[in-house]
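Colleague: Please show me the model, and then let us go through it step by step with questions and answers.

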Amino acid sequence: MRGKENREKLIQLFLLTIALSAISILALISIFIFTEGLPIMFRHGFKKFLFSLDWYPSEGYFGLLPMIIGSLLVTAGAMVIGVPLGLAGAIYLTQFSSKKVRNLVKPMIELLAGIPSVVYGFIGVVILVPFVRENFGGPGFSVFTASIILGIMILPTILSISIDSLMALPPSYREGSIALGATQWQTVRMVLLPAARSGIIASLILGLGRAVGETMAVIMIAGNATALPRSILDPVRTLTSNIALEMGYVSGEHRQALFATGVILFIIIMILNTMANLTSKRMAS
Amino acid sequence: MISIEVKNLSVFYGSFQALKNINIKIERQKISALIGPSGCGKTTFLRCLNRMNDLIDEARVVGEVFIDGLNIYEEKVDLLELRRRVGMVFQRPNPFPLSIEDNILYGLKVHRINDPKIMEERLIKSLEAVQLWPQLKNQLRKNALTLSLEQQQRLCLARALAVEPEILLMDEPCSALDPIATARIEELMFELKKKYTIVIVTHNMQQAARVSDFTGYFLLGELIEFGETHQIFTAPADKRTEDYITGRYG
Ligand SMILES: Nc1ncnc2c1ncn2[C@@H]1O[C@H](COP(=O)(O)OP(=O)(O)OP(=O)(O)O)[C@@H](O)[C@H]1O
Ligand SMILES: [Mg+2]
């Protein structure tokens with residue numbers, strides 16, 4: 001008996017250590033970003049970083065507004081494309097398609113999630129960019145193009161997690177609803193979606209995170225101009241691209257300015273996450 | 001008066017025949033109990049009466065089921081209306097993860113009954129019918145999953161009653177409940193049979209003897225015997241029924 005208890009304790013301790021080290025690594029990364037990025041922001045003032053339009057870091061201009069807007073636009077665009085498609089797909093595959101179709105499509109979705117982002121970017125450059133340029137105008141490298149590719153990239157995340165949460169519902173919900181004379185669609189809309197809400201919202205948050213954080217594909221297709229876009233056919237640079245594009249050669253204040261970009265990215269992601277969580281709580285009550 | 005008449009009903013799951021040529025006449029505003037060993041097809045039979053077997057891809061139903069003279073397996077039958085008229089209560093209470101009120105009103109919304117006055121009236125009436133109204137009238141916004149199992153089962157019954165069915169199908173409605181709750185649900189059934197035709201599947205022979213007017217004994221997909229409960233339990237016509245009710249089955 002004694003020995004068993006001791007072993008329990010040991011295992012607990014072991015798991016605790018692992019959990020703590022995972023958390024502390026995250027904490028260390030955050031602290032590092034902030035200690036590197038915050039001083040320069042204090043020195044030049046937050047306002048300059050957040051609201052000015054000019055980004056010439058070697059000359060002391062650190063305006064990140066175009067990149068902030070770029071990130072938000074591209075993310076919003078990706079959600080506009082990815083969320084309806086993802087939800088519709090998840091609903092179709094779990095409620096309306098035959099088992100055969102579902103068993104065929106689900107592994108394909110998981111495969112889609114495993115394709116490296118540079119491949120998506122490449123497809124974007126080779127196919128979508130010229131297509132947008134010829135049919136919609138502008139340089140082709142644009143908010144619009146990036147939104148489409150990002151929307152497709154977040155699809156697997158939204159799809160597979162939404163599918164899992166819909167499939168995890170007890171079949172008795174569906175049976176209970178159908179037995180009352182509800183149609184399939186009423187059942188989905190009035191019982192199943194509300195019941196699977198937390199999982200679905202989690203899928204949207206993860207999709208959102210992926211869209212904000214995606215770098216490689218965006219660099220390849222968004223055009224990376226540091227000016228404010230006037231339409232969705234104009235090129236933009238996102239916060240992540242800003243860091244990735246310039247980190248190879250920077251030093252001094254310029255380097256710190258990239259960490260400041262990271263700080264802002266960090267804060268934006270926190271805000272988006274909190275908002276998503278709050279909406280899900282509000283919907284729950 | 002006959003409410004449900006089943007003629008030559010067979011059900012197949014793939015190549016497995018779960019029901020074999022069932023013929024039965026179920027009386028209006030009476031309680032008919034279906035008993036029989038596990039896997040003999042009681043649930044399958046019950047689910048034929050509101051066409052819930054349509055949901056199972058590999059299930060195939062052959063034969064006729066007349067409800068008030070209309071064959072519900074005809075092409076042109078309005079399934080949604082059928083399921084409104086034939087309510088169902090399941091083995092495990094399955095309230096939706098919504099509020100108590102939304103659970104009751106669900107059926108109304110589904111059938112596009114939006115008049116607030118009617119909704120309010122049905123809400124009260126159906127909760128009263130299952131004797132939940134006094135306890136729950138001040139917590140209608142509470143999530144239905146927080147109720148006790150017995151309350152949940154009553155709620156599911158009330159949810160079915162709210163759309164004003166004529167027939168109630170109950171598949172072992174008490175199997176998740178303790179004996180006291182079971183007794184109370186049985187009492188409720190006596191109340192309900194004044195208005196509804198009730199078909200109940202039960203594993204519990206005492207329950208069948210206590211509550212039902214008619215009893216049917218299923219064995220391996222066949223309906224061995226169907227008749228007045230009193231007669232089935234005292235003087236069964238078939239040897240196999242006798243073996244089962246005297247506990248010599250198996
Ligand atoms: N969806 C299905 N697919 C294939 N076979 C099924 C399916 N549902 C039921 N069966 C089979 O049909 C037979 C009858 O099942 P049914 O559920 O109607 O029995 P039951 O009398 O309700 O049993 P229990 O008392 O255990 O609830 C069983 O042999 C069962 O294995
Ligand atoms: Mg059963």
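Colleague: How far is an oxygen atom of ligand 1 from an N or O atom in the side chain of B:Lys42?
Modeller: This is a predicted model, in which local features need pLDDT of at least 70 and side-chain atom pairs count only at pLDDT 80 or more, while totals for chains, interfaces and linings use all residues. Side-chain values use heavy atoms, with hydrogens and water left out, residues are numbered from 1 along each chain as its sequence is written, and chains are lettered from A and ligands numbered from 1 in the order in which they are written. A polar contact is a pair of N or O atoms within 3.5 Å, and the distance for B:Lys42 and ligand 1 is 2.8 Å.

Colleague: How much of ligand 1 does the protein bury?
Modeller: Accessible areas come from the Shrake-Rupley method with a 1.4 Å probe. Taken alone, ligand 1 exposes 630 Å², and the part of this that the protein buries is 66%.

Colleague: Which element of chain B gives the most residues to the shell around ligand 1?
Modeller: Helices (H or I, at least four residues) and strands (E, at least two) are DSSP runs numbered from the N terminus. Two or more residues come from each of strand 2 (16-27) and helix 1 (42-48) of chain B. The element that gives the most, with three residues, is helix 1.

Colleague: Which residues come nearest to ligand 1?
Modeller: A residue counts as near if one of its heavy atoms lies within 4 Å. A polar side-chain atom of B:Ser38 is 2.5 Å from an oxygen atom of ligand 1, and for B:Thr43 the corresponding distance is 2.6 Å. Of the 14 residues around the ligand, those that come nearest are B:Ser38, B:Gly39, B:Lys42, B:Thr43 and B:Thr44.

Colleague: How far apart are the C-alpha centres of domain 1 and domain 2 of chain A?
Modeller: An automatic or database domain assignment gives the bounds, and chain A is divided into domain 1 (2-44) and domain 2 (55-284). Their C-alpha centres are separated by 29 Å.

Methods
A polar contact is a pair of N or O atoms within 3.5 Å; within protein, one must be able to donate a hydrogen and the other to accept it, and residues adjacent in sequence count only if both atoms are side-chain atoms.
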